[in-house]
Every structure is written in C-alpha cells, then in structure tokens.
Amino acid sequence: MFPMLAILISASSFWIWNEYYRETKKYYTDFIDRWAIPNGILELTKDQAFRRNNCYQFIYKGGKLRSVTSINAYGRPSTPVNTVNKLFSTLGLKQQFIYNESGKLQKVDYLNEKDSVEKTFIYAGEDLE
C-alpha cells in the first residue's frame, strides 16, 4: 500500500512541476502572430537551432508562452534575418508576454539586446487587471 501511495505522490508532484513550474524551450525557423501570440513555423531541434545563423527561441512556463527571442548560432540575441514578422525585426530582439490573473494576455514588451524595453503593447479587455 505504501509503495503505491509513494509512487502516486511522486507522479503527481512531477506532473504539477512539469505543467506549472518547469520552463521549456522550443526553437523555430520563423513565426507568425495569431491573436497577438506568436506561433512557430518549422520546429527545430536544439542541435539544428545552434547550427543556424538565426532562429527563434520560444520559452514556455505554466502552459503559456513567456518570451520569444531571435538568437544566433551561439544562443545569443541577434538581429532577425528574413523573417515573416517584420514588426518583430523593427521593435527589438525579444518579446516578453505578461498575462493577467485570469490568464489572458495583458501586454507584450519588446526588448533590445540590453533587455531594455523599446516598446510596449497593452491589450485591453473587460477583465483587464
């Protein structure tokens, strides 16, 4: 009885950690915006991403997209080349997504190579906090 309970608690703990606290990274050749949230085009493995001159690193946490960064082969922020999303290439190297308490997108910050905010888009709604 005790071993089964321990396994159940361990599995539940791992699922909660993985779903809500773990930060995951995905890499894409490019992206398009859908309802102000980027969607990656042509997913890359980490190895493929670090062999390219430029790609996009998406960071997820708690089931939500937290940031998109244009990176070079060394994993450092770099100016995007040949991107479908022209707005991104003119506003900064990184986007950060901030959500309200109900999980809806509240604002998007565009940051430069020094992580300073260049531009902010604020999304309004009935339950905006």
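Select Q96 and then D109 in β6: these two residues are bridge partners. Helices (H or I, at least four residues) and strands (E, at least two) are DSSP runs numbered from the N terminus. The model is predicted, so local features need pLDDT of at least 70 and side-chain atom pairs count only at pLDDT 80 or more, while totals for chains, interfaces and linings use all residues. Residues are numbered from 1 along each chain as its sequence is written, and side-chain values use heavy atoms, with hydrogens and water left out.

Next, select residues 94-99 and 105-111. These are β5 and β6, which pair in the antiparallel sense over six bridges; strands pair if DSSP finds at least two bridges between them.

Now display the whole sheet. Seven strands form an open, antiparallel sheet in the order β2-β1-β3-β4-β5-β6-β7. Select 37-44 (β2) and 117-122 (β7) for its edges: each has a single partner strand, so one side of each lacks a neighbour in the sheet.

Select Y28, F31, Y56, F58, L65, V68, L91, F97, Y99, L105, V108 and Y110, the twelve residues of the largest nonpolar core. Such a core is a set of buried Ala, Val, Leu, Ile, Met, Phe, Trp, Tyr and Cys residues joined through side-chain atoms within 4.5 Å, where buried means under 20% relative accessible area (1.4 Å probe, protein chains only). Two or more residues come from each of β1 (23-34), β3 (55-61), β4 (64-71), β5 and β6, and β6 gives the most, with three.

Finally, select Y27, L44, A49 and I71, which are among the five residues of a second, separate core.

Methods:
Buried < 20%, exposed > 50% of the residue type's maximum accessible area, 1.4 Å probe, protein only.
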